Amino acid sequence: AIQTVERKLKVTTRYGGRYLQSIGGLDGSLTAQRDWFYYVDGIEGDRSAAEVRVHSGDVVWWDYRRWTPATEHIPAVAGAYPHPFVGRDTRVVGDPAVARTIARQVGGSVGALGGAENVIVISGKLPPETARIRPFRHGYRLELGTGIARKLSDDPNALRYRF
């Protein structure tokens with residue numbers, strides 16, 4: 001995963017090349033509690049990025065943020081949608097205020113199987129432009145407002161790099 005970003009931008013590493021220190025001159029800092037975190041297909045890395053082999057079609061996301069006990073571990077990002085739902089047991093549900101066609105189209109973009117590992121909830125009760133993701137059972141729960149759900153039904157990449 002580190003080599004992927006090295007091909008496009010100037011990077012520095014630390015701890016023997018195992019962890020990213022900077023991208024394009026933006027440095028991590030233990031003192032300021034800011035660092036680079038990575039995601040592959042929307043899922044937070046669980047080991048050194050130097051150990052991660054990426055494949056054609058994978059989405060690699062580098063996130064520079066201040067870490068605190070509350071933000072040190074963010075398990076998934078909605079902005080990598082349709083990952084981490086593609087190829088996984090996913091169910092799409094919508095409340096009665098949501099057209100079934102939108103839920104079907106969103107489900108089609110991830111290959112929804114109707115299972116319970118992941119769930120995508122489309123709700124008219126949320127602000128229309130809401131997209132939030134959190135752990136759910138052994139997968140993830142993505143909650144979408146109707147505005148974002150409509151955009152995703154037209155373009156599965158509508159969230160890309162936004163959240």
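This report looks at one helix and at several salt bridges in a predicted model.

## About the model

Local features need a pLDDT of at least 70 and side-chain atom pairs count only at pLDDT 80 or more, while totals for chains, interfaces and linings use all residues. Residues are numbered from 1 along each chain as its sequence is written, and side-chain values use heavy atoms, with hydrogens and water left out.

Let's start with α2, which spans residues 100-110. Helices (H or I, at least four residues) and strands (E, at least two) are DSSP runs, numbered from the N terminus. Which residues of α2 are buried? They are I102, A103, V106, G107 and V110. These residues cover an arc of only 130 degrees around the axis, so they sit on the same side of α2; the arc is that of the directions from the helix axis to the C-beta atoms. As background, an α-helix has 3.6 residues a turn, so residues three or four places apart point the same way.

On the other side of α2, R100, R104 and G108 are exposed. Here, buried means under 20% relative accessible area, exposed over 50%, and partly exposed in between (1.4 Å probe, protein chains only). What do the buried residues of α2 pack against? Their partners are β7 (90-94), β8 (118-123) and α3 (146-154), where contact means heavy atoms within 4.5 Å. Just after α2 comes G111, with a positive phi of about 70 degrees.

## Salt bridges across the sequence

The structure holds ten salt bridges, each defined as a side-chain nitrogen of Lys or Arg within 4 Å of a carboxyl oxygen of Asp or Glu. One of them joins R14 to D35, with the closest N and O atoms 2.7 Å apart. R14 belongs to strand β1 (residues 11-14) and D35 to strand β4 (residues 34-40), so this pair ties together parts that are 21 residues apart in sequence. R14 is buried, at 18% relative accessible area, and D35 is buried too, at 8%.

R18 and E51 also meet through their side chains, at 2.6 Å from N to O. R18 lies in the loop between β1 and β2 (19-23), and E51 in the loop between β5 (43-44) and β6 (60-66), so the pair links parts that are 33 residues apart in sequence. R18 is partly exposed, with a relative accessible area of 35%, and E51 is partly exposed at 41%.

R65 is buried, with a relative accessible area of 9%.
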